[in-house]
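Here's a quick tour of one protein model, put together for someone new to reading structures. Have a look at the picture first, then work through the notes below it.

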Amino acid sequence: MPRVQFLGTGNAFSPNGRLHALVLIDGKILVDAPPSVLPQLRRVGTSPGQIEHLLFTHWHADHMFGFPFLILERHYISKQDTPLAVHLRAGGRELLSQLSEVGFPGSLGDVLEDEIVWNEAESGTIGESGWSFERFPVVHTPETDPHGYFLRHESGFKLLHCGDSGPCEGIESWADQADVILVEMGVPDFVESPNHHNPRQVQELAERHPEAKVLVTHNYADGEGRSGGFPMPDMAGNVVQLEDGDELSIEENGEFIFVKN
Ligand SMILES: [Zn+2]
Ligand SMILES: [Zn+2]
């Protein structure tokens, strides 16, 4: 049964109880590769070698610095035969190659060449997984070439992954079609940043799209039952603030069940 796991739900600062935002689909498709990608996969018993596809949203460290660790592990430990398909924007390959060379000098050149299939298409199927994607621009630090993904499963289920973004046209243009909207909430209400959603803006997004379930990730606040940083804001209606380990279970008819960790 198709499954979307929210392994990590924190922003760049990894608030108490949250690892960096990370989505795992059907045990083999990752959206982004945060620095904590290996421990996040191991925590749910998934081998890095099982990952077949990796989709990147943008070039901030909390979304990409795990890449050298991921390909190093696959080469030396999992010894995967199947290449990893990396779906990314033009220019990303060079950036990831530089990052890998800085991280593990001289060790990953052949891996980058022989064990990865680079896909710069803006839309398409995700291998034989039954999922397809359309990438669209969002509003975030422009230097990071920020994008979101509209993900469609053959069952009919549709997930809008908003990437790391403030409120924007791109998100609005897809949100009406989505069953689930996954939105980052990187800053509290007292921060007005065009590049991130705050709780008030997430609530407004949810009110504009009452037919969708709005799941909050990349949260700036501590996880449930944790303290020391920002407390979780109150949110209402069709909004759920995810915790690490929550997931969606998708049925054959495209309906979904939300499963708490
Ligand atoms: Zn981020
Ligand atoms: Zn970012």
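Buried here means under 20% relative accessible area, exposed means over 50%, and partly exposed is in between, using a 1.4 Å probe and protein chains only. Helices (H or I, at least four residues) and strands (E, at least two) are DSSP runs, numbered from the N terminus.

This is a predicted model, where local features need pLDDT of at least 70 and side-chain atom pairs count only at pLDDT 80 or more, while totals for chains, interfaces and linings use all residues. Residues are numbered from 1 along each chain as its sequence is written, chains are lettered from A and ligands numbered from 1 in the order in which they are written, and side-chain values use heavy atoms, with hydrogens and water left out.

**Strand 10's partners**

- Strand 9 (residues 147-153) runs antiparallel to strand 10, and four bridges join them; two strands pair if DSSP finds at least two bridges between them.
- Leu-151 stands opposite Leu-159 in strand 10.
- Strands 9 and 10 make a hairpin with four residues between them, and Gly-156 in the turn has a positive phi of about 110 degrees.
- With strand 11, strand 10 pairs in the parallel sense over three bridges, and there Leu-160 stands opposite Ile-181.

- Strand 1 (residues 3-8) and strand 14 (residues 247-250) run antiparallel and are joined by three bridges, with Val-4 opposite Leu-248.

**A helix and its cover**

- In helix 7, the buried residues include Pro-199, Val-202 and Leu-205.
- Covering the buried residues of helix 7 are, among others, helix 6, strand 11, strand 12 and strand 13.

**Aromatic pairs**

- Rings of Phe, Tyr and Trp (its six-membered ring) pair if their centres lie within 6.5 Å; planes under 30 degrees apart count as stacked, over 60 as edge-to-face and the rest as tilted.
- By this rule the model has 11 aromatic pairs.
- Phe-136 and Trp-174 have ring centres 6.3 Å apart and planes at 40 degrees, so this pair is tilted.
- Phe-136 sits in strand 8 (residues 131-137) and Trp-174 in helix 6 (residues 169-175), so the pair ties together parts that are 38 residues apart in sequence.
- Both Phe-136 and Trp-174 are buried.
- Phe-190 and Phe-230 are tilted too, because their planes are at 50 degrees, with centres 6.2 Å apart.
- Phe-190 is exposed, with a relative accessible area of 64%, while Phe-230 is partly exposed at 39%.
- Phe-56, Trp-59, Phe-67 and Trp-118 are linked into a cluster by ring pairs.

**The cavity**

- On a 1 Å grid over the protein atoms alone, a cavity is a set of points where a 1.4 Å probe fits but cannot get out, and lining residues have an atom within 4 Å of a point.
- The model has one cavity of 30 Å³ or more, and the largest cavity holds about 90 Å³ of space.
- Its lining has 13 residues, and those nearest the centre are Ala-21, Asp-32, His-63, His-161 and Thr-217.
- Strand 11 gives the largest share of that lining, three residues.

Technical notes:
On a 1 Å grid over the protein atoms alone, a cavity is a set of points where a 1.4 Å probe fits but cannot get out, and a pocket is an open set with protein on both sides within 12 Å along at least five of seven lines; lining residues have an atom within 4 Å of a point. Grid points are joined across faces, edges and corners, and a volume is the space filled by probe spheres set on the points. Contact means heavy atoms within 4.5 Å.
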